[in-house]
Amino acid sequence: MTTERLPRLLALIPYLQARPGIAVAEAATDLGVSEVQLRKDLELLWMCGLPGHGPGDLIDLSFEGDSVTVTFDAGIHRPLRLTADEALSLLVALQTLAEVPGLAERDVVDRALAKIEAAAGTQAKARSGLTVNLQDRDTQRPDSDEHLALIRRALADRRALDLTYYVAGRDETTERVVDPMRLLLVEGRSYLEAWCRRSVDVRLFRLDRIDAVQLLDEAAVVPTEARPRDVSTGVFQPSAAHDAVTLRLAAGARWVADYYPCERVSEVGPDLEVVLRVADPRWVRRLVLGLGTEVSVLDPPELAEEVRREAAAALAGYTQGIQSSA
Amino acid sequence: MSARRAERLINLVICLLSTKQFLSAERIRSAVPGYGDGDGSAQADEAFKRMFERDKTELRDLGVPLETGRNGWGDTEDGYRIARGDYELPDVELTADEAAAVGLAARLWESASLSQAAHGALQKLRAAGIDVDSHAAPGIEPRVEASDPAFQPCLDAVRAGRPISFDYRRPRAQEPEPREVEPWGVVSWHGRWYLVGHDRIRQATRCFRLSRILGGVRNAGQPGTVTVPDGIDLTATVADSVPPTSQTATVLIRPGLAQGLRRSAVPTGRDGPEGEEFEVSYGDPEALADRLIGFGSAVIALRPPEVRDAITGKLRQLVGT
C-alpha cells in the first residue's frame, strides 16, 4: 500500500542501522514488502539527505552481494515515536493477553506491557478507552481447565488426542481422534483447531463442548494439505453446499442476523428477511421453534410444516398433564 | 504517494531534525529539493504554499511532532523545526520472550484499523533494533474482530471526549430510538462489542451493543466535554448489565434425547419412564422458554409456572390454536 510507504521509509534507516550487513531479502520479509519494493525504497533514500545535498550530506548505503549496510544516516538515528493509534492497538492487545488465563507467561506479558507503555509516553493514555475481555462467554465445564492443560500439552509435544465431542447441530456426542494444530480464542469462545481423522478435514472444536480428552501416545500428524481456517470473517463459514433457508424475522428475532452469518439480509417493512446456509436441518428446526411467532419460514416449505408438527407434539406433552415423574 | 513527494517529505524531516533554529517557509523552500526554486511569480509562490501546507498535514498525520515558533524578535513569521527528543522513540529493550509476546499481541486484531496500527507499531519496534517474530506459532491464538460500522466512530468519540447521538434498536423493540450519550469506553465482552457511557436522555449509565446502533454516529457536543468517572470498571459495568442466571427451572427430558440440554443441566435423580428430571439455571424466563421449545417434544418444563406458561403460550401460537 502506497500510503504506508512514508512510515516505512522513515523506519528503514534505523532498522538497517541496527542490523549491519542484513540480506535485502530478509529485511523485505521482516518489513512485509517484496524485495523489489524494498530495493526501490533504498534507491529513494539514497537520494535524500541534509540540506546542501552534497556527496557528504546524503544518506549512504553500501551494498555487498545481497546485503546492505547504512554508512551515513543523515540524522535519522531512531524510529519515530508511536502514534496514539499504534500505542492503543499494542497496549490494549498486551493487556488483553495478560488477562487470558494460561495464555502466555503472565509476568512476561506484564513486563513487555510496562516497557511498551514507557516507550509510548503520553500516547499511552489513549488505551483506557478500549477494553477487551477474552473470558469465554459460555459456562465452562468443571473439568475444562484439565482439558485445556491436556490440549496445550498435546500441542507442545505434537501428540494426537482422543476427543469426546458434543456436536450441537446433530445434538449428539461423538468420539474421534484428532491431530491438534492450534488453540483459537475468537468471538468470545475458545476452540481447538485440529485435523480430524474421522472427517478427513480441518475442524474447529469448541472447548465447552469437549466432554473428555485423552492424550494419546501417537504422534500428531497434520497432513500438509491441512490449512488453518481463516477466521477473520467469522468461525462458521457458510458454503453453497449447505441448504439455503429463508426466514422473515420480526423485531424479537432480529438478533438472528447479528448472531449467525447470513448470506443475504434485507429490510422488508418492519421485518428482516434473511437467507441462512444451514449445515444441519435439525439445527435450524430448533432455532425456528425457539423463535416462535417472531419468525416465519419462507423457504423451504417443508421446514415450516416440520416446525408446526413438532410444536403440536410438544404442546401435547403439556396438555397430557405431565407434572412431574417423581 | 508519488516517489517525488515521498522523497521531498523525507528530505523535509531530515532538514527539520537537523536544525535547532526555527526555519521559515522560505528557508525550507530553498533547503529542501522538490519545492522548486520558482521564478518569483505569484503563481509559483502560491503553488509552493499549497504544497508545503499539504506536506505539513501529512507529517502531522503520521505523528511527526512539527513545532512552530519564532527564534526571536527579529522573525516576522513563524518557522518550523522538529525536536529530536519528541520525534524519537525512546529506548526500548525487550527480551526474546517479551518480544514474542508483543508479536502475539499485534496479531490479536482482525479489524483493519487496529491491525494496521499494530503493524505500524511493530515496524517501529523493529527499527529500534528489536527482533519481533510476528509469525511464531505459540499454539494459542486470540483473535478480536471489530467489524461493526459503529466501532471506529465510537472509539474516536471516546478518545476525543465528545458526546454522540445515534439510533439504537433494543432487542425486542419495534422501532429504533434516538440516544444521546457521553461515551466513556468501548468494551469487548464475551465476543461482543459495547459502548459504555452516560445516557443523557435516561440520566443513567448505560451499555449499548455496537451491532444494534443503526445508521451513523453523530456528534452531539464539543470534544473534551466528557468526564469519565474515576475508577470506573468498564467491563464490570457491561457484565452487570446482562441479567444474571440466578433462577432455576426443572425440566423433564425424554430418554436419550436433548443431549445439548443435558450437558448444561444438573440431574435431580428423579427419573421415571417418561424421562429424566434436570435442573436448568436461567436469567430471563422468555429466553429459557425459547431455548427449551427448540428441543420440541423432547423436553417438558415442569417448574416454575412462568416458564411453563411462556412455553405453552408460544407453542399455541406456533400451532395456530
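Helix 4 of chain A is mostly covered, with twelve of its 15 residues buried (20 or more other C-beta atoms within 10 Å of a residue's own, C-beta atoms being placed from the backbone). The model is predicted; local features need pLDDT of at least 70, side-chain atom pairs count only at pLDDT 80 or more, and totals for chains, interfaces and linings use all residues. Residues are numbered from 1 along each chain as its sequence is written, with chains lettered from A in the order in which they are written.

The buried residues of helix 4 include Leu88(A), Leu91(A) and Leu94(A). Asp85(A) and Glu86(A) are also among them. In chain A, they pack against helix 5 (106-120) and strand 4 (130-133). In chain B, their partners are helix 5 (96-106), helix 6 (112-127) and strand 4 (140-143). Contact requires C-beta atoms, placed from the backbone, within 7 Å. Helices (H or I, at least four residues) and strands (E, at least two) are DSSP runs, numbered from the N terminus.

Chain B holds an open sheet of three strands, in the order 1-3-2, with antiparallel pairing. Strand 1 (23-24) and strand 2 (66-69) stand at the edges, each with a single partner strand, so one side of each lacks a neighbour in the sheet. Pairing requires at least two DSSP bridges between strands. Four bridges join strand 2 of chain B to strand 3 (residues 79-82) of chain B. Thr68(B) stands opposite Tyr80(B) in strand 3 of chain B.

Chain B is divided into domain 1 (3-87), domain 2 (151-241) and domain 3 (247-319). These bounds come from an automatic or database domain assignment. The centres of domain 2 and domain 3 of chain B, taken over C-alpha atoms, are 36 Å apart.

Conventions:
Two residues are in contact if their C-beta atoms, placed from the backbone, lie within 7 Å.
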